[in-house]
Amino acid sequence: MKFLNNSKILLIFFLLFIFQKNSIANECLIKKELNIGLIENNYIDYKYYLYYALGEYSLINDIKFTINEVNHNANEFDIIFGEFRDLAKLSLNQTHIPDKVLNFYNDNDVEVTGNLLPLDLDTFILLSQEDRKKVAFEEFSELYNPIKYTLGMSFKSEEDIINLIIYHLEQPSINLNSLSFELTADLFSKTYENLNKNIINNNFLEVFNSYENSENVYTLFSDGILLNKNIDFRSFQLFPKSKYIWDLEEGVFKESFESKPLSFYGFSAYLNNSQGSGLLCYLIDEEVRLKAFKDFNIQLSPLSINEVRSIKDDLPESYKKILENKNKYVLKPNYSTENKNYDLFSGLIFGKYKYDDIIDRQDYLNR
């Protein structure tokens with residue numbers, strides 16, 4: 001009997017140990033000295049947002065932190081921030097992620113893989129300081145204004161241009177030989193004729209200044225720009241797609257009545273050390289997220305309508321529709337593959353090539 005009692009005690013102790021261990025693993029843990037990494041890009045500078053957010057977090061939790069650029073030393077950092085596509089190049093692992101963080105992604109119907117956590121989901125919109133009706137890509141490519149450029153955008157980030165083409169094709173990859181690509185390429189080349197060529201190699205802030213200076217009828221942004229408290233606009237729409245879509249089964253172009261808000265993960269976090277997970281729990285807090293959307297001009301976009309439910313009544317109906325749907329159409333392009341043909345994409349848009357030149361070149365490369 002005494003042996004049985006001791007066995008029960010040991011079993012209870014063991015179960016409590018396992019329960020406590022699992023509870024700790026699922027908590028938001030606070031590390032007193034955080035080493036934060038940043039993979040920088042040449043279009044948007046996230047440093048000032050990170051310094052502010054970490055400054056607030058450090059005051060609340062009495063911690064110290066450093067922020068340094070990642071340079072072949074990813075293992076030295078507790079958390080690394082940067083574009084999703086850059087963080088995806090790191091080896092994913094099974095770092096413990098707190099329940100609060102996992103619930104955040106479940107609430108937004110976003111699937112996470114390993115320790116790579118998206119904090120930004122972008123789709124393409126055209127913003128205007130004028131009242132403009134929605135148009136298809138065909139009409140948009142023919143627009144001309146004697147005073148302003150039709151479109152302001154930047155080609156500084158090759159990956160964003162790849163995203164833009166994939167967005168129009170509504171396919172996860174770019175097939176240069178497809179009729180859909182031929183149509184899209186033709187519309188882009190027509191649009192280029194009245195593109196603001198003064199900013200095509202500029203960063204985001206310079207593109208934003210061009211918008212504020214009313215240089216363009218439309219300026220290309222990601223949808224998070226609509227939440228910035230200082231943005232002034234009269235109209236916006238998803239970047240228009242062609243009114244025709246190729247039907248593979250019937251082998252004909254059909255009129256398309258729906259424009260899907262295809263989206264791409266942007267600013268994200270790579271959790272290297274579960275001991276620093278408290279910072280992620282802080283960053284996904286509703287008030288902290290809303291402040292990031294409103295106060296920081298870095299185009300940070302909500303993962304879904306769920307993130308902005310407390311300000312839902314203040315949003316335009318057409319933007320609410322985008323937020324209700326964009327997490328249903330998330331694409332993750334293979335940039336290493338698409339980058340090989342980037343000079344062909346950009347050459348078409350810049351008018352350097354005609355579509356027939358592309359096909360001839362592809363035939364030559366495939367011999």
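Strands S1 (residues 33-38) and S3 (residues 79-83) run parallel and are joined by 3 bridges; two strands count as paired if DSSP finds at least two bridges between them. Keep in mind that this is a predicted model, where local features need pLDDT of at least 70, side-chain atom pairs count only at pLDDT 80 or more, and totals for chains, interfaces and linings use all residues. Residues are numbered from 1 along each chain as its sequence is written, and side-chain values use heavy atoms, with hydrogens and water left out. Helices (H or I, at least four residues) and strands (E, at least two) are DSSP runs, numbered from the N terminus.

**The five-stranded sheet**
- S1 and S3 sit in an open sheet of 5 strands, ordered S2-S1-S3-S13-S4, with mixed pairing.
- Its edges are S2 (64-69) and S4 (116-118), each pairing on one side only.
- From one strand to the next, the twist averages 25°.
- Contact here means heavy atoms within 4.5 Å; axes are lines fitted to C-alpha atoms, for helices over the stretch in contact, and angles run from 0 to 180 degrees between N-to-C directions.

**The four-stranded sheet**
- Another open sheet has 4 strands in the order S7-S8-S6-S9, again with mixed pairing.
- S7 (149-152) and S9 (235-238) are the edge strands, each pairing on one side only.
- S6 (residues 124-128) pairs with S8 (residues 216-222) in the antiparallel sense over 4 bridges, and Leu126 stands opposite Leu220 in S8.
- Helix H6 packs on this sheet by touching S6, S8 and S9, with its direction at about 95° to that of S6.

- Leaving out residues up to four places away in sequence, Phe181 touches partners including Ile165, Leu169, Phe345 and Tyr355.

**Ser346**
- Ser346 belongs to helix H13 (residues 342-349).
- Its relative accessible area is 9%, so Ser346 is buried (under 20%; exposed is over 50%, partly exposed in between, with a 1.4 Å probe and protein chains only).
- A polar atom of the Ser346 side chain lies 3.4 Å from the backbone oxygen of Asp343.

Definitions and conventions:
Polar contact = N/O pair within 3.5 Å; in protein donor to acceptor, adjacent residues only side chain to side chain.
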